[in-house]
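Here are some notes to read alongside the model, written for someone meeting it for the first time. Please keep the view open and follow the points in order.

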Amino acid sequence: MAENYKDRIVMIPFMAQGHIIPFLALALQLEQRKNYCITFVNTPLNIKKLKLSLPHNSSIHFLEFPFNSLDYGLPPNIENTDSLPYSLILTFLESSLALKPTFKKLISALVQEPYGKPPLCIMTDMFFSWCAEIAHEFGIFHSIFCAGGGYGFACFYSLWLNLPHNNTDSEEFILPDFPEASKIHVTQMTDFLRAATGKDSCSIFQKNMLLGWLNADGILFNTAEELDKLGLMYFRRKIGKPVWSIGPVLLSSANRAKAANTAEVCKKWLDRKPLNSVLYICFGSQNTITASNIMQLAKALEASGKNFIWVVRPPLGFDLNSEFQEKEWFPEGFEERIRSSGKGLLVQKWAPQMEILSHKSVSAFLSQCGWNSVLEALSCGVPIIGWPLAAEQFYNVKLLEEEIGVCVEVGRGKTCEVGHQVIETKIELVMNEEQKGRELRRKACEIRDVIKEAIKWDEGFFRVTSVKAMDEFLDSALLMRRKIKMCPNGEVQSQNLEKNRTKVLNPNSKEMVVESSNNEKARETNNIGWNDNPP
């Protein structure tokens, strides 16, 4: 019963692995390091999988909301984008709007629990910005947790709201509200974005979703301040609400559901390879390249003579969850040759990515540059060969290559054709211990150290950037609770929150202070640290 008196945080990620995994990682940190009671909300099939990733001592509560994919013109038993064709992604996104009534009932039930307080905070995915209205109806602090980085989503946000490519005949253009990003090329846009007119269904969904960010009480990004200054600056300027960089938030290897046999095979194979000699190749959980590019990549790997682990999935146009047809999509005899030479290891569909990237034999990562993969690579000091395929991945590569210097781009988009000579050249450039390769590795190791510094305590208990940002976010939620009195039936008393409080972001300390209408400043401190108890 004592558990019920802890402050509760309700978390609802979008139904995609790239969103669910960082939400779960953050939920575990809030539970284990801050002692909050976590209620994790999602569909039945996603929750069933999530429970496999929980440590035995976790007390995270799962709440299911019903979701029948057939009701929205989707294939049966679809509750995650991992098993969804790319052409149906927009339909899946739009179907999530139907969750509003269910979610309101869920929050109402939590608020009226006889033995507990209303939730301290409702933390939702970027695609669920509509939850702010529901949270505020019950007088609850609402935050958006963007599992991506600031820079990538600053470009994404600006492009969808402004559609600047429709105002020029040039293939390159400047973002009107984010000139610091320099030029964007039309090839750095998805097909959905390039075709957007502002009146099509995708434009309408994206605009409503992104403008909904303005209604949140604050935005959290899974990034570090030192890594992502430009993007975070954009959102602080654009949204006018507190923006906290609380990352990197990564799910530990111990908390990932995995195939033990695959993990062991990968480890034994890597253990036999020399230091910094292996290229790891993976395009994420829901992306792939064309059959012709798979063929070109295989040829490049053979020609380079480098060791590699390649997570293979069927090419574009095929079911990603079906079996990979080696004889159809690889050069003749490719699999036999790499097996006999010991140069390559092919893994179907899934590999233990963090274990691979952290292994001393891994030299580089050929990736689609989804933000989770970027953080995992950089936290291990591994430089990246970027091949962005969807969403904000194009702008992640732009940040990594142009601003940070830990990446070279080899391809761009799902349908671009990249010759094996080009791929081989980029592999050689990054993996060979010549000037460019050494510089990429040096910079990646430097960023690894920056990331470690951002999320640790020092011996004097000084709260560093991401640690401090998380504490400020929680303090803000506590302050809102103090200012709102709840009636027994859960309705907010006649106190206009927006009139009675003004958020002020101190430009020097980046600490948010809340001022009441009579100019009395308040700040409530949570005494439990963001990281584990300091040494």
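1. Let's begin with Asn276, which sits in the loop between helix H10 and strand S10. With 26% relative accessibility, Asn276 counts as partly exposed, because it falls in the middle class (buried means under 20% relative accessible area, exposed over 50%, partly exposed in between, using a 1.4 Å probe and protein chains only). Its phi is positive, about 50 degrees, although Asn276 is not a glycine. Most residues other than glycine have a negative phi, and most peptide bonds are trans.

2. A word on what you are looking at: this is a predicted model, in which local features need pLDDT of at least 70 and side-chain atom pairs count only at pLDDT 80 or more, while totals for chains, interfaces and linings use all residues. Residues are numbered from 1 along each chain as its sequence is written, and side-chain values use heavy atoms, with hydrogens and water left out. Helices (H or I, at least four residues) and strands (E, at least two) are DSSP runs, numbered from the N terminus.

3. Look for Asn35 in the loop between helix H1 and strand S2; its relative accessible area of 39% makes it partly exposed. Another backbone detail is the cis peptide bond between Gly247 and Pro248, where omega is about 0 degrees. Pro248 belongs to the loop between strand S9 and helix H10 (260–271).

4. Now to a sheet of seven strands: it is open, its pairing is parallel, and the order is S3-S2-S1-S4-S5-S8-S9 (two strands pair if DSSP finds at least two bridges between them). Which strands stand at its edges? They are strand S3 (61–64) and strand S9 (243–245); each has a single partner strand, so one side of each is left without a neighbour in the sheet. From one strand to the next, the twist averages 25 degrees. Strand S2 (residues 37–42) runs parallel to S3 and is joined to it by four bridges, and Phe40 has Phe62 as its bridge partner in S3.

5. Helix H1 (residues 17–34) lies across this sheet's strands S1 (8–12), S2, S4 (121–125) and S5 (141–146), at about 165 degrees to S2 (axes are lines fitted to C-alpha atoms, for helices over the stretch in contact, and angles run from 0 to 180 degrees between N-to-C directions).

6. There is also an open sheet of six strands, paired in parallel in the order S12-S11-S10-S13-S14-S15. Its edge strands, S12 (344–348) and S15 (407–409), each pair on one side only, and the twist averages 20 degrees between one strand and the next. Five bridges pair strand S10 (residues 278–282) with strand S13 (residues 362–367) in the parallel sense; Leu279 has Ala364 as its bridge partner in S13. Packed on the sheet is helix H11 (residues 291–304), which touches S10, S11 (307–312) and S13 and makes about 165 degrees with the direction of S11. Helix H13 (residues 334–341) lies across S11 and S12, at about 125 degrees to S12.

7. Which residues of helix H8 (residues 201–211) are buried? They are Cys202, Ser203, Phe205, Gln206, Met209 and Leu210. These residues are on the same side of H8, because they cover an arc of only 165 degrees around the axis (the arc is that of the directions from the helix axis to the C-beta atoms). Their packing partners are helix H3 (89–95), helix H6 (150–162) and helix H7 (191–195).

8. Finally, Pro176 is in the loop between strand S6 (172–174) and strand S7 (183–185), and counts as exposed at 55% relative accessibility. Setting aside neighbours within four places in sequence, Pro176 is in contact with Ser158, Asn162 and Pro164.

Definitions and conventions
Contact = heavy atoms within 4.5 Å.
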